[in-house]
Amino acid sequence: MRQPLLFQLNRDIPTTRQIATLVKAGGAAALTEAQRRADAARYLEVQCRSALNRVEGMPFEWTLNPYRGCTHGCHYCFARRYHVQFEMNADDDFASVILVKRNVVEVLRRELDRPSWTRELVAVGTATDPYQPIEGHYKLTRGCLEVLARGRTPIGLVTKGPMIVRDRDVLLDLTRAAECRVYMSVPTVDEEAWRILEPGTAHPLQRLRAVRELVDAGINAGVLMAPIVPGFSSSRDKLERTVKSIADHGARFVGCNVMYLQDGTRSHFMAFLEREFPSLVPRYERLYRSKYPPTTYRKELQGMVRMLQDRHGLGPRDRADRPDGPADATGPEQAGFSW
Ligand code: SF4
């Protein structure tokens, strides 16, 4: 008996010839089954009036976001709720309509040239990922880092984009001129959780390899296990594999936080659960009566991560939550270092 060919196993999947016939008859619009992925995003160039945004009640004074929206499209992303400021939704719009601040480098240069500028800490990437794929084209993050280095301004930068290794030279300039900390966000190395929760991001191990490259280049780079998502990346086994990988890749520090849900992020995440994991909804409704899960739950998770850090040689010296540890570059909510 003839064995079925590999590509015949799933009869619902069309062959390339069938696709060609469809397109010939009806153009690309005929591909009604095609998935619209994050890379089909629309980019809109905008003029910004200011580059630096003053914040209060955070461990940093200023934020800088060259883009708004993020094609990485993490379902838990706290920045989803900010997209409503532009009259767009926190769901598909957040990951597929990206605002590009075309003039951000020039505006930043003018702001740092002001005599009143006192070189306070700037957090880069608090409402978007500064190394999402479009940065390869616009190089706005790179331009901003060059201006910050010239202005001897200290920064903390958070990203999930391995593209950051492209800018090792500028990050080194910043390290020498002021202070520079890179926080690579790797909430988990578990492949299933990664695929489900962070659809547009690079593989977690690719991000950790970027950390290794940055550290080898002399840059103060560490990892944020943030956010840990209950039920998806919170098991002891997944936490241990993640902590071990972080240690194996030479991270200079590690911090963690548990997911919080608020406004548009909450509604997006709960709708995602109802669609994809309805059996988890009742548990989440109990766990997230407010925007944070109960303190006891967070402390339990924190204790486990600390124990694992000790076990894998990421002792207190390397912890981002020690009192004299690295400053929190991303705020207490999404990526803070205290629970
Ligand atoms: S990479 Fe960061 S900014 Fe982008 S969607 Fe994920 S959490 Fe949000």
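Tutor: L224 stands opposite G255 in β10. The model is a predicted one, in which local features need pLDDT of at least 70, side-chain atom pairs count only at pLDDT 80 or more, and totals for chains, interfaces and linings use all residues. Residues are numbered from 1 along each chain as its sequence is written, and side-chain values use heavy atoms, with hydrogens and water left out.

Student: What makes β9 and β10 a pair?
Tutor: Two strands pair if DSSP finds at least two bridges between them, strands being DSSP runs (E, at least two residues) numbered from the N terminus, as are helices (H or I, at least four). Strand β9 (residues 220-228) and β10 have four bridges, in the parallel sense, so by the rule of at least two they pair.

Student: Why are β2 and β10 said to stand at the edges?
Tutor: The open sheet of seven strands runs β2-β3-β6-β7-β8-β9-β10, with mixed pairing. β2 (52-54) and β10 (254-258) each have a single partner strand, so one side of each is left without a neighbour in the sheet.

Student: How do you know that helix α12 packs on the sheet?
Tutor: Contact means heavy atoms within 4.5 Å, and helix α12 (residues 295-311) touches β9 and β10. The direction of α12 makes about 155° with that of β10; axes are lines fitted to C-alpha atoms, for helices over the stretch in contact, and angles run from 0 to 180 degrees between N-to-C directions.

Student: What is the order of the open sheet of three strands?
Tutor: The order is β1-β5-β4, with mixed pairing. Its edge strands are β1 (42-46) and β4 (67-68), each pairing on one side only. β1 and strand β5 (residues 97-101) pair in the parallel sense over five bridges, and E45 has V100 in β5 as its bridge partner.

Student: Which residues are around the ligand?
Tutor: They are C70, H72, G73, C74, Y76, C77, F94, T128, D129 and K160, where near means that a heavy atom of the residue lies within 4 Å.

Student: Why do C74 and C77 count as buried?
Tutor: Buried means under 20% relative accessible area, exposed over 50%, and partly exposed in between (1.4 Å probe, protein chains only). C74 is at 6%, so C74 counts as buried; C77 is at 15%, so C77 counts as buried too.

Student: How many disulfides are there?
Tutor: A disulfide is a pair of cysteine sulfur atoms within 2.5 Å; by this rule the count is zero.
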